[in-house]
Amino acid sequence: MHYYDMKKYLFICAAVAAMMLLTSAKQKDNVMTRENGAYVVNTTELGKNVDGYVGPTPLKVYIRKNKIQKIEFLPNQETPKYWNAAKKHLQNKWDGMKVADAKKADVDGRTGATFSSDAVKANVKLALDYYEKHK
């Protein structure tokens with residue numbers, strides 16, 4: 001291979017590597033973003049296999065200064081009566097907790113909305129794990 005051919009080959013390899021890096025960084029942005037100084041982890045993709053009673057139960061977990069600021073419940077297909085009971089019961093359970101403490105917390109679910117509650121807790125854990133790995 002000639003010197004100029006080698007240079008051209010290395011340039012193409014570097015360009016492909018840069019595009020792959022940008023693509024992976026862009027995908028990460030769909031999961032974790034920054035909003036008003038807080039990290040926001042969206043579990044729509046992370047928790048797509050975490051089902052409540054009817055299907056996925058995505059959340060947004062807001063984290064500021066390594067503490068959970070709030071949890072936002074995103075639209076889903078759960079039965080409203082049970083979803084609202086789980087949501088009301090779990091809405092503020094993690095607020096103010098340090099991430100490490102929240103990951104270990106044994107949060108009780110809502111009786112009568114067990115599947116929805118378990119899915120919420122699983123999504124919170126997924127969000128916190130993702131945050132720790134990608135902050």
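Okay, let's start on the surface: Tyr53, Val54 and Phe115 make up a nonpolar patch, with about 360 Å² of accessible area together. A patch here takes residues with over 30% relative accessible area and no salt bridge, nonpolar side chains being joined within 5 Å and like charges within 9 Å. A salt bridge would be a Lys or Arg side-chain nitrogen within 4 Å of an Asp or Glu carboxyl oxygen. Areas are Shrake-Rupley with a 1.4 Å probe.

Quick housekeeping. This is a predicted model, where local features need pLDDT of at least 70 and side-chain atom pairs pLDDT 80 or more, while totals for chains, interfaces and linings use all residues. Numbering runs from 1 along each chain as its sequence is written, and side-chain values use heavy atoms, leaving out hydrogens and water.

Now the rings. How many aromatic pairs does a search of the whole structure find? Three. Pairing means Phe, Tyr or Trp rings (for Trp, the six-membered one) with centres within 6.5 Å; planes under 30 degrees apart are stacked, over 60 edge-to-face, and the rest tilted.

Take Tyr39 and Tyr131: the centres are 5.4 Å apart and the planes at 70°, so that's edge-to-face. Tyr39 is in strand β2 (residues 38-42) and Tyr131 in helix α5 (residues 114-134), so the pair ties together parts 92 residues apart in sequence. Helices (H or I, at least four residues) and strands (E, at least two) are DSSP runs, numbered from the N terminus. Tyr39 is partly exposed at 22% relative accessibility, whereas Tyr131 is buried at 4%. For us, buried is under 20%, exposed is over 50%, and partly exposed is in between, with protein chains only.

Tyr53 sits in the loop between α2 (43-46) and β3 (59-64) and Phe115 in α5, so parts 62 residues apart in sequence get tied together. Both residues are exposed.

Last, some backbone. Asn36, in the loop between β1 (32-35) and β2, has a positive phi of about 50° without being a glycine. Asn36 is exposed, at 68%. Asn66, in the loop between β3 and β4 (67-73), also has a positive phi, near 65°.

Definitions and conventions. Buried means under 20% relative accessible area, exposed over 50%, partly exposed in between (1.4 Å probe, protein chains only).
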